[in-house]
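The sequence and the structure are shown first.

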Amino acid sequence: MEYISSFLYCDSVQMQITPEGPVPQIVKPLQFLEPVAIPSNYSFTISCNIAGFDVNVKNSIRFQFISPEDEVVYDSNNIEFELPQDEKSVNMPNVMQFNMDMRNLVLREKGLYSTKVYFNNKLMNEYKIEVIVSDDNERRKEGK
């Protein structure tokens, strides 16, 4: 049975070259999104691992980023994938990492946004993140 083994909002995911081959590296995990103003364009990345899926069939994943007012800000639509035959192994768990760049999304309001993750057209989970304005955060630090 498929499940989400990890999910993370971050600044970006960069590929680091190692002797064993390229390895994704998470850059600056995010606890909230902090544009300089609202409305604003904002960029970030989500990293999501799906595990336990059937490697012998074509699968699909979909990400939706939703505003506090339930408006779809971003929809990846279904992304179909298959594991290459040489990666289908009895000794390896069925795991796939998806790094989705969300570039220049228009954030029109502060508040609690969410990312819905669908696998094979079934809602797997929803992950929330607060959007604040950076000036508000500076005022909070200064105690104003």
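This is a predicted model: local features need pLDDT of at least 70, side-chain atom pairs count only at pLDDT 80 or more; totals for chains, interfaces and linings use all residues.

## Strand pairing

Strand 1 pairs with strand 2 (residues 21-29) in the antiparallel sense over 8 bridges, and a hairpin of 2 residues joins these strands; within this pairing, Ile17 stands opposite Pro22 of strand 2. Strand 1 is also joined to strand 4 by 7 bridges, again with the strands running antiparallel, and here the bridge partner of Tyr9 is Ile46 in strand 4.

## Nonpolar core

The largest nonpolar core has 28 residues, and those with the most contacts inside it are Phe44, Ile50 and Phe65. Among the elements that give two or more residues to this core are strand 1 (3-18), strand 4 (40-51) and strand 9 (111-119). Beyond its neighbours within four places in sequence, Ile50 is in contact with residues including Tyr3, Ile61, Phe98 and Val117.

## Aromatic pairs

The structure holds 10 aromatic pairs. In one of them, the rings of Tyr9 and Phe44 have their centres 6.1 Å apart and their planes at 55°, so the pair is tilted. Because Tyr9 lies in strand 1 and Phe44 in strand 4, the pair ties together parts that are 35 residues apart in sequence, and both residues are buried.

The rings of Phe53 and Phe81, with centres 5.6 Å apart and planes at 85°, form an edge-to-face pair. This pair links the loop between strand 4 and strand 5, where Phe53 lies, to Phe81 in strand 7 (residues 79-81), 28 residues apart. Phe53 counts as buried at 2% relative accessibility, as does Phe81 at 9%.

How values were computed. Residues are numbered from 1 along each chain as its sequence is written. Side-chain values use heavy atoms; hydrogens and water are left out. A nonpolar core is a set of buried Ala, Val, Leu, Ile, Met, Phe, Trp, Tyr and Cys residues joined through side-chain atoms within 4.5 Å. Buried means under 20% relative accessible area, exposed over 50%, partly exposed in between (1.4 Å probe, protein chains only). Helices (H or I, at least four residues) and strands (E, at least two) are DSSP runs, numbered from the N terminus. Contact means heavy atoms within 4.5 Å. Two strands pair if DSSP finds at least two bridges between them. Rings of Phe, Tyr and Trp (its six-membered ring) pair if their centres lie within 6.5 Å; planes under 30 degrees apart count as stacked, over 60 as edge-to-face and the rest as tilted.
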